[in-house]
Amino acid sequence: MSSESMTSLQRVLTTLGHQEPDRVPLFLLLSMHGARELGLSIEQYFSKAEYVAEGQMKLRAKYRDDCIYSFFYTPIEVEAWGGEVIYFEDGPPNAGRPIVLDPKQISDLQVPDIHDTACLAKVLKATELLKAEIKDEAPIIGVVVSPFSLPVMQMGFPAYIRLMYENREMFDRLMQLNEDFCVAWANAQLEAGATAICYFDPVSSTTITTRDMYLQTGFKIAQQTIARIKGPTATHMASGNCLPIVDDIAQTGTAVIGTSVMEDLAEMKAACRGKLTVLGNMNAIEMRNWTPAEAEAVVKEAIAKAGPGGGFILSDNHGEIPWQVPDEVLLAISDAVHQWGRYPIGVS
Amino acid sequence: MDIGLKFEQALLSLDRVAAREIVLDGAKSMGAIEFVNEVAVPVLVKIGHGWEEGTYALAQIYMSGSICEEMIDLIMPPADPDRIKQPEMAIVVLEDFHVLGERIVYSVLRASGYELQEFGHGCKVEDVIEKVKQHGTKILLVSVLMLRSALLISDLVKRLREEGLDVKVIVGGAPFRFDHKLWQEVGADAMGMDGMEARDIITKIIGGEA
């Protein structure tokens with residue numbers, strides 16, 4: 001095909017089937033940038049489902065990317081469990097102090113009711129509004145944090161690592177609670193109109209845990225959880241490495257893997273070919289200082305390495321573009337993928 | 001088996017009993033400071049390199065550093081005169097409450113014989129300035145997780161200079177690993193990719209061999 005003849009959804013589904021669509025799909029995965037489009041503070045923006053729905057539609061119109069991202073902010077899940085969210089003027093909302101200060105408290109935790117939890121209900125409403133607008137033109141990507149990775153916010157990272165190694169009974173108890181929550185949260189988003197769920201699982205990355213530990217823990221948890229999610233999933237390591245466990249990840253039932261800029265995209269594509277679609281891996285931290293020409297060069301290189309044969313979606317490596325990345329860079333990325341991403345791929 | 005290899009295996013397998021025995025025996029036969037310099041530090045360097053090369057994972061780095069710190073405290077408690085003479089040093093997490101890197105650096109430094117203040121987690125720039133004044137800090141290690149917090153270090157450096165505080169600022173954390181020019185952009189004196197690099201930088205600052 002020499003011109004754009006597909007809708008975004010068709011384009012994405014074709015590449016997920018490891019076939020070449022009309023062009024490499026682009027997932028910009030913008031969240032808080034919608035606030036800028038609406039002239040709101042980040043805190044105001046996330047206070048109403050209507051703002052996020054409007055923001056996402058404006059962002060897609062501006063940057064011509066191939067998905068709607070119904071994700072609000074990472075700590076929304078720990079907020080549902082009773083945690084604090086800290087807002088900033090120029091960055092993503094962050095999780096406050098951990099809610100589990102002693103492993104014994106895990107026994108008292110109760111899985112939040114998705115529909116009765118105001119912050120989650122807001123996301124579901126935004127998803128419904130977006131689905132009514134976008135229909136089947138583009139996929140809506142919902143987000144869950146994996147049961148294995150959520151404790152980083154619930155307990156703090158050091159305490160969670162100690163739990164993992166030293167208190168398997170409480171670890172298993174927490175995983176069961178988190179799995180039930182994760183499944184209910186994912187399925188509620190799918191029912192609200194999300195097309196697929198991005199399963200963020202950075203603790204499973206080989207940057208954080210060994211493959212042996214992953215096979216005993218995060219791998220099994222992902223298999224069990226993903227099997228209960230009633231829609232397609234994409235696993236994302238949020239900048240963590242995963243090349244040594246690609247074959248394992250493919251066995252969790254996921255269709256996509258979000259990869260780090262620390263790993264070579266060509267190697268990743270070769271390892272994933274026919275098994276997983278590669279999502280990635282532009283450097284989200286350096287991106288804020290790119291010139292438009294540098295952005296174009298990065299896009300061309302990524303397309304050359306991972307585009308041929310389909311099974312590739314161009315994106316950043318973290319799953320969230322920083323607030324500091326300017327419009328001109330985002331527009332340059334979009335222009336470049338529209339120019340150089342057409343199949344058959346002409347860049348090398 | 002070589003004592004270093006035994007100690008490495010004990011740390012990586014989280015075998016506190018074996019680690020304790022090796023540390024106590026080593027301190028008795030070699031001397032505490034010699035054990036730290038000739039066994040503990042090289043083992044931590046090796047494990048740290050293992051993470052950079054993808055052989056070991058961060059969870060192992062954290063657990064082995066933490067156990068090593070615990071064991072070295074047995075032979076070299078906080079007030080021990082053998083601990084390295086140094087300017088006042090402190091570590092802080094700017095804004096975030098969920099940082100692993102700061103714990104790893106803290107453990108590596110203490111296991112290497114250094115002492116340092118902990119200024120805490122989730123700190124604001126002005127909190128840090130006050131603590132620096134209060135403790136007379138000369139070397140400040142700043143750990144961050146988010147890009148926003150990393151960029152905030154430029155405000156911290158500016159405020160330290162405005163206050164006339166002579167402090168070396170060493171930064172670390174995920175944003176610096178993904179953008180190698182960022183530490184210079186925020187006006188830091190140095191950046192450590194991991195705990196051992198932070199230790200090497202401090203050793204150079206105070207005039208020793210890295």
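I will start with a loop: H18(A) sits in the loop between α1 (8-16) and α2 (33-38) of chain A. Helices here are DSSP runs of H or I with at least four residues, strands are runs of E with at least two, and both are numbered from the N terminus. This is a predicted model, in which local features need pLDDT of at least 70, side-chain atom pairs count only at pLDDT 80 or more, and totals for chains, interfaces and linings use all residues. Residues are numbered from 1 along each chain as its sequence is written, while chains are lettered from A and ligands numbered from 1 in the order in which they are written.

H18(A) is not a glycine, yet its phi is positive, near 60°. L29(A) lies in the loop between α1 and α2 of chain A. L29(A) also has a positive phi, about 50°, and is not a glycine. With 22 other C-beta atoms within 10 Å, L29(A) is buried.

Next, the sheet of chain A. Seven strands make an open, parallel sheet in the order β1-β4-β5-β6-β7-β8-β9. β1 (68-69) and β9 of chain A are at the edges with a single partner strand each, so one side of each has no neighbour in the sheet. Two strands count as paired if DSSP finds at least two bridges between them. In general, strands of a sheet pair through backbone hydrogen bonds, either parallel or antiparallel.

Strand β6 (residues 233-236) of chain A runs parallel to β7(A), joined by three bridges, and T235(A) stands opposite I257(A) in β7(A). Strand β7 (residues 256-258) is in turn joined to β8(A) by three bridges, again parallel. There, V256(A) faces T277(A) in β8(A). From β7(A) the chain passes through helix α13 (residues 265-272) to β8(A), a right-handed β-α-β crossover. Right-handed means that, with the strands pointing away from the viewer, the path from the first strand over the helix to the second runs clockwise.

How many bridges pair β8(A) with β9 (residues 312-316)? There are five, in the parallel sense, and F312(A) in β9(A) is the bridge partner of V278(A). The chain reaches β9(A) from β8(A) through helix α14 (residues 292-306), and this crossover is right-handed.

Strand β8 (residues 277-282) of chain A is mostly covered, with six of its six residues buried. N281(A) belongs to strand β8, and the peptide bond from G280(A) to N281(A) is cis, with omega near -20°. Another cis peptide bond joins Y343(A) and P344(A), with omega about 0°. P344(A) is in the segment after α15 (327-340) of chain A.

On to chain B. The domain assignment gives domain 1 (3-75) and domain 2 (89-205); such bounds come from an automatic or database assignment. The C-alpha centres of the two domains lie 24 Å apart. Their contact takes 17 residues from domain 1 and twelve from domain 2, where contact means C-beta atoms, placed from the backbone, within 7 Å. On the domain 1 side, α3(B) gives the most, with nine residues.

Chain B has an open sheet of its own: five strands, in the order β2-β1-β3-β4-β5, with parallel pairing. Its edge strands are β2 (117-123) and β5 (190-191), each pairing on one side only. Strand β4 (residues 168-173) and β5(B) are parallel over two bridges, with A190(B) as the bridge partner of I170(B).

Last, the interface between the chains. Which chain gives 30 residues to the contact, and which gives 20? Chain A gives 30 and chain B gives 20. On the chain B side, α4 (58-75), α7 (147-162) and α8 (174-178) give two or more residues. The largest share, five residues, comes from α4(B).

Technical notes:
Buried ≥ 20, exposed ≤ 12 C-beta atoms within 10 Å, placed from the backbone. Contact = placed C-beta atoms within 7 Å.
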